[in-house]
Amino acid sequence: MNDKIYKILLFTAALIMPIVCGGVVYALVTDAYEAFEHFGFFKFLTSSEWSYTDGAEQYGALPFITGTLMTTLLALVFCIPFSLPVALFVGEYFKGTRIAAILSTVTDLLAGIPSIIYGLWGFYTLRPLIMALNISPQGSGILTASLVLAIMIVPYAASLSAEFIKMVPNDLKEGAYSLGATRAEVIRKVVFPVAGSGVFSSYVLAIGRALGETMTVTMLIGNTNNIPDSITSTGNSMASIIANQFGEASDLRFSSLIAIGLVLFFITAFINMIGKMMIKRARIS
Amino acid sequence: MAKDKAMLWMVCLFAALTAVPLFAILGEVLLRGYDQLTWSFFTEPTPTAFKAMKAIEAGEPIPGGIANGIIGTMIMLGMAAVFAVPTGIMCGAFLAENPKSRFAQVVSYLTDLLQGTPSVIIGIVTYIWIVVPMKGYSAIAGSVALFVMMLPLIIRSTEETLKILPASLKEAGLALGGNRARVMLKVQLPAAFGGIFTGVLLAISRVIGETAPLMFTALGCSFIRFAIDKPISAVPLLIWEFFNDPNLQELIWGASLFLLLFVLTLNLTAKYLAKKWNQ
């Protein structure tokens, strides 16, 4: 095989990416068009009606956008107190030791558990617990979904943060130690300022993960089509409304679900792009 | 100093707490599922809800198993891998060979984009691409969804492995008179085999538990089937069915245990191989 054919072959293979991604956007846009045209783009995004009675169909994405934002942000809040210690454990306190390797294996395995099994665990273990603690009567809801979602994104945030914490140059830390700083002070005054942007970007990417998580949320969020009024109430996320209703939807409802998919696609793409850009910048500096 | 100690203990405590869910999930699925993993569980298809109800009324264990799901998963995963592995490796090689080209940067960006796309969206898009024109759910549609999900993972692992190979390796090959294709095939790819293989294993373990993209493409099927143009089942789809059908709920745990053990073993194997080949 000569160089020319080889180059053409690789180029052709690489063409698959623009084709697939273009195909994704094209399919979403053409099928979402009907809903946007019928309701108006902004009206669709800001309407909180979701009813499919014949003749009076009304579809709006606001309850699901709210549900997605609430579960994601709450998951992030629950995730930080665990992922940050893991990152410090692996990247600073026990850097390079066997116990750190074991902890990273554990978090890697957590990342590997399929989301449907997280959903089962949340449903059969966490939900009864939430009911027993009288936090919410039905057990499922935004809070339950966010708790499990948090466990699911800890591995992503932790492993990436640890990578940046590991990269903090030793001479900086040694300089601080020689000035009499304690370890806690070194972490606060040297490690966090240096690794901070990298750690922050790992949380942005963790958000990107949580936004589109489907099965866990579908099994735990309670599946009601209203705007959740508190963190213990039930709701639906953008991903879970699609998972719940796509199979039975047709015409305008089908198009509305695709439109929600399109919005979700752009939100995750945007968040991931920001995260990746920040990581690139953090790696260079 | 006291503050220092306190911080260390807090870090250790919360890091240890993070490990709890893994063991809690593993423990629960093991305890509730281990007695279902009999021979017939792997050789028989799912019972109908009626049969299961009869068995429950008679106080007997639910007959049948998840053979239809295992076979469906294998068929779809196999078809997806057959296309995704070579395409992904070639695409990854393209990225590693042309790091500076504009087009490669676009492809690299799109790979990130696709990797970050929620799986449920891959599901609805595949529905529009395949299920609508074929006028029905099929194993083909399911494998297309899995293919799209595997592709970016394989591209990335191939690209990264090829990039960390010492440049001298490629240069030596070229100096000996090999053309670029030969050097890639006979020198670079064999040297990168470990990393690429690990990447493929991880890609498989990532998509094997995917439920959402299969719900709208493969749909599910209650008997063992080998036809690729008809609806077909998969292990995660069965778990979802069992979850929603009160009569079949007993079967959830066996199926979950099987899936969980499979995924975790794949993960550990990949990690072990990566470590071994890196030395």
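The contact between the two chains takes 63 residues from chain B and 64 residues from chain A, two residues being in contact if their C-beta atoms, placed from the backbone, lie within 7 Å. The model is predicted: local features need pLDDT of at least 70 and side-chain atom pairs count only at pLDDT 80 or more, while totals for chains, interfaces and linings use all residues. Residues are numbered from 1 along each chain as its sequence is written, and chains are lettered from A and ligands numbered from 1 in the order in which they are written. On the side of chain B that touches chain A, the elements giving two or more residues are helices H1 (2-33), H4 (67-97), H5 (102-116), H6 (119-134), H9 (180-208), H10 (212-215), H11 (235-244) and H12 (252-278) of chain B. Helices (H or I, at least four residues) and strands (E, at least two) are DSSP runs, numbered from the N terminus. H1(B) gives the most to this side of chain B, with 18 residues. By class, the side of chain B that touches chain A has 44 nonpolar, 12 polar and seven charged residues; Ala, Val, Leu, Ile, Met, Phe, Trp, Tyr, Cys and Pro count as nonpolar, Asp, Glu, Lys and Arg as charged, and the others, Gly among them, as polar.

Chain A has 12 helices and two strands, in the sequence pattern α-α-α-β-β-α-α-α-α-α-α-α-α-α. Its C-alpha atoms fill a box of roughly 75 × 70 × 30 Å along the principal axes. Of the 285 residues of chain A, 52% count as buried. A residue is buried if 20 or more other C-beta atoms lie within 10 Å of its own, exposed if 12 or fewer, and partly exposed in between, with C-beta atoms placed from the backbone. Contacts in chain A between residues at least 6 apart in sequence join residues at least 24 apart in 73% of cases.

Chain B has 12 helices and zero strands, and its C-alpha trace spans about 75 × 65 × 30 Å along the principal axes. Of its 279 residues, 51% count as buried. Residues 24 or more positions apart account for 73% of the chain B contacts with a separation of 6 or more.

The largest nonpolar core holds 188 residues, of which Ile153(A) and Met150(B) touch the most other members. Such a core is a set of buried Ala, Val, Leu, Ile, Met, Phe, Trp, Tyr and Cys residues joined through C-beta atoms within 7 Å. Helix H7 (residues 142-166) of chain A gives the most to this core, with 18 residues. Leaving aside neighbours within four places in sequence, Ile153(A) is in contact with Ala75(A), Cys79(A), Ala206(A), Arg209(A) and Ala210(A).

Two helix pairs of chain B were examined. Helix H8 (residues 167-175) and H9(B) pack at an angle of about 155°, with their axes 10 Å apart; axes are lines fitted to C-alpha atoms, for helices over the stretch in contact, and angles run from 0 to 180 degrees between N-to-C directions. That angle makes H8(B) roughly antiparallel to H9(B), a term for angles over 145 degrees. The crossing of H8(B) and H9(B) is right-handed, the near helix being turned clockwise from the far one by less than a right angle. Leu169(B), Lys170(B), Gly173(B) and Leu174(B) in H8(B) meet Val183(B), Val187(B), Gln188(B) and Ala191(B) in H9(B), a contact with five nonpolar, two polar and one charged residues. H4(B) and H7(B) pack at about 35°, with their axes 6 Å apart, and H4(B) passes H7(B) in a right-handed crossing. The contact of H4(B) with H7(B) has 22 nonpolar, seven polar and two charged residues.

Within helix H7 of chain B lies Thr161(B), which is buried, with 25 other C-beta atoms within 10 Å. Not counting residues up to four places away in sequence, Thr161(B) touches Ala192(B), Gly195(B) and Ile196(B). Thr161(B) and Pro213(B) are 52 residues apart in sequence and 29 Å apart in space, C-alpha to C-alpha.

Positive phi values occur at two non-glycine residues in loops. Phi of Asn223(A) is near 55°; this residue is placed in the loop between helix H10 (215-220) and helix H11 (238-245) of chain A and is partly exposed, with 19 other C-beta atoms within 10 Å. Lys135(B) has a positive phi of about 55° and lies in the loop between H6 and helix H7 (139-164) of chain B. Lys135(B) is exposed, with 7 other C-beta atoms within 10 Å.

Note on methods:
Angles under 35 degrees count as roughly parallel, over 145 as roughly antiparallel, 65 to 115 as roughly perpendicular and the rest as oblique.
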